Amino acid sequence: MMRSGLPWLGALLLLLWPLFLYKGPIAFSDTKPYLNGAATGVRVVLGIEAGLVAEGMQSDPGGPVAAETAVETSPATKQDQSVSSARSPWFGGFLLGSVLLADGAGPALVQALVVLTVIALTARNVPGAGTSAPYLVMVLAAVTPLALYTDYMMPDLSAGVAILAVVNLMAFDARIGWGQRVVWAVLLTGTMLFHTSHVLVAGSLALVAAGLARLLTGRFPARGLITVLLAVLVFAAGQGSVTRLVERHYGAAPLRPPFLTARLVADGPGFDYLSSHCVDPAFAICGFVDRMPAARLRARDAAWYSNVLLWSDDPHRGIYEAAGPDIRARLSQEQMRFAVAVLRHDPAGVIGAGLSNTVAQFFRWRVDEIGALQPVRFVDAPLIDPAPLLASLPGLSYEPVRLSRVYRISTGIALAAAALLLGVARHRGPAREAVALVILVLVGLMLNAAVTGGLSGVDDRYQSRVIWLLPFAVMLAGLAWARGLRDG
């Protein structure tokens with residue numbers, strides 16, 4: 001028993017290597033708002049102070065950031081008490097609970113256990129791969145960004161978990177028992193509640209994967225599709241409960257930042273529309289055209305501008321964050337109408353920009369700008385204090401940029417191996433479900449690139465957080481195919 005547990009212990013430790021070597025978790029600019037938002041919710045609902053220590057929780061992402069993308073932020077809170085729906089209170093609650101458990105090490109430890117679970121379940125569903133699961137984790141922790149995102153205090157890891165859950169439910173629908181199906185349903189529901197983009201990726205993947213699974217495996221995954229639908233319904237109920245709570249306490253529903261407006265303007269077609277249609281302003285965004293970098297927007301050289309439009313509170317540059325509550329509400333409510341108007345005005349420009357962003361995002365395998373080291377306390381008195389252990393370990397300076405080349409090479413090799421494997425397996429019978437796994441993972445990666453790159457913007461962490469799925473699927477398919485050949 002001890003011997004069988006040693007590989008899993010080694011896999012767990014390897015997943016936590018950034019935590020040990022950097023003496024703390026990796027945080028992003030939104031980590032602090034997630035924690036503070038959850039603490040506010042606990043105080044409002046239960047009347048309990050969470051005891052967060054705000055000092056040291058940086059509000060700027062680490063890594064090299066171009067000067068034009070820098071966003072001014074103010075420590076002052078908004079006096080209108082408006083609530084943004086951009087940061088899920090469900091993930092904030094998970095983050096807060098994990099931090100109270102073991103400070104910065106808490107989220108990393110919980111997420112590492114989730115990674116071990118999903119990889120073990122997936123390997124169990126592939127013939128010939130079940131006993132290899134801990135060793136696959138070790139490989140992935142060493143040559144992919146999986147360990148970085150396991151130690152990341154953001155909902156990014158759950159994007160890969162969502163894709164893997166849908167892929168398992170579709171590719172192995174006939175093999176999964178009710179116990180495992182419940183586990184996947186709970187994990188999928190959690191990932192959806194953690195971030196709305198995961199709903200879009202998982203939902204669209206389920207629809208595409210249902211047809212592909214029927215074609216590739218000869219079976220229609222009816223139970224898998226129903227499981228995904230139930231997860232979506234639970235997500236909708238969870239979001240509805242949060243909306244009602246916010247409305248009851250603050251008097252207004254949460255505002256969704258105008259991501260679509262910002263993306264269309266930054267890509268160019270949105271600015272072109274504003275330049276020719278704001279003589280008689282129909283949209284609130286028309287009042288801010290003079291703040292926009294017109295020359296660079298016309299030259300299609302301002303993809304970075306969406307972050308400034310959304311998050312800068314500089315009254316000379318920012319728009320959404322710098323506006324008053326009434327204008328923010330209008331910007332939020334009119335973004336779909338604005339997107340339709342821009343699409344009608346320049347369909348080729350909008351579609352072309354979306355496809356360009358999707359392709360660029362799909363091949364964004366680097367980790368140059370994903371966060372900053374946080375070797376500080378987040379709470380006064382966690383249940384388990386990891387500080388003495390972390391302080392006794394040798395530390396390293398946080399330079400993920402050095403790992404980008406490793407990750408690009410490993411992902412490129414995995415992509416080439418996937419193409420080779422699919423070309424060979426197409427003419428052979430073994431491991432049809434494992435081949436389906438590779439194809440569905442590739443589709444999931446493409447959809448992730450389309451949702452994040454096409455709707456939000458091309459960013460390191462949007463794709464590097466999920467690329468570990470490709471080498472994982474390739475290794476599983478290779479093991480299953482080799483077993484099929486060995487068994488004749």
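Helices here are DSSP runs of H or I with at least four residues, strands are runs of E with at least two, and both are numbered from the N terminus. Keep in mind that this is a predicted model, where local features need pLDDT of at least 70, side-chain atom pairs count only at pLDDT 80 or more, and totals for chains, interfaces and linings use all residues. Residues are numbered from 1 along each chain as its sequence is written, and side-chain values use heavy atoms, with hydrogens and water left out.

**Stop one: Thr189.** Select Thr189, and you land in helix H9, residues 178-194. Is Thr189 buried or exposed? Thr189 counts as buried because its relative accessibility is 12%; buried means under 20% relative accessible area, exposed over 50%, and partly exposed in between, using a 1.4 Å probe and protein chains only. Now show the contacts (heavy atoms within 4.5 Å): leaving out residues up to four places away in sequence, Thr189 touches Ala231 and Val234. Its side chain also reaches the backbone oxygen of Ala185, at 2.7 Å.

**Stop two: the disulfide.** Next, pick Cys278 and Cys286. A disulfide is a pair of cysteine sulfur atoms within 2.5 Å, and a search of the whole structure finds one. In the link between Cys278 and Cys286, the sulfur atoms are 2.1 Å apart. The link is left-handed, with -70° about the S-S bond, and both Cys278 and Cys286 are buried.

**Stop three: the rings around Phe338.** Rings of Phe, Tyr and Trp (its six-membered ring) pair if their centres lie within 6.5 Å; planes under 30 degrees apart count as stacked, over 60 as edge-to-face and the rest as tilted. The whole structure has 14 aromatic pairs. For one of them, select Tyr273 and Phe338: they sit edge-to-face, 5.9 Å centre to centre with 80° between the planes. Tyr273 is in helix H13 (residues 269-277) and Phe338 in helix H17 (residues 335-345), so you are looking at a link between distant parts of the chain, 65 residues apart. Phe283 lies in the loop between H13 and helix H14 (294-298), so its pair with Phe338 ties together parts that are 55 residues apart in sequence. Phe283 and Phe338 are buried, and Tyr273 is buried too.

**Stop four: salt bridges.** A salt bridge is a side-chain nitrogen of Lys or Arg within 4 Å of a carboxyl oxygen of Asp or Glu, and by this rule the count is 10. Arg461 is in helix H22 (residues 460-464) and Asp156 in the loop between helix H7 (146-150) and helix H8 (157-171), so the pair ties together parts that are 305 residues apart in sequence. Both Arg461 and Asp156 are buried.

**Last stop: Arg366.** Head for the loop between helix H18 (347-362) and strand E2 (372-373) to find Arg366. Arg366 is partly exposed, with a relative accessible area of 25%. Which residues does Arg366 touch, not counting residues up to four places away in sequence? Select Ser404, Arg408, Asp460 and Ser464 to see them. Arg408 is 42 residues away from Arg366 in sequence, yet 6.5 Å away in space, C-alpha to C-alpha.

Conventions: A polar contact is a pair of N or O atoms within 3.5 Å; within protein, one must be able to donate a hydrogen and the other to accept it, and residues adjacent in sequence count only if both atoms are side-chain atoms.
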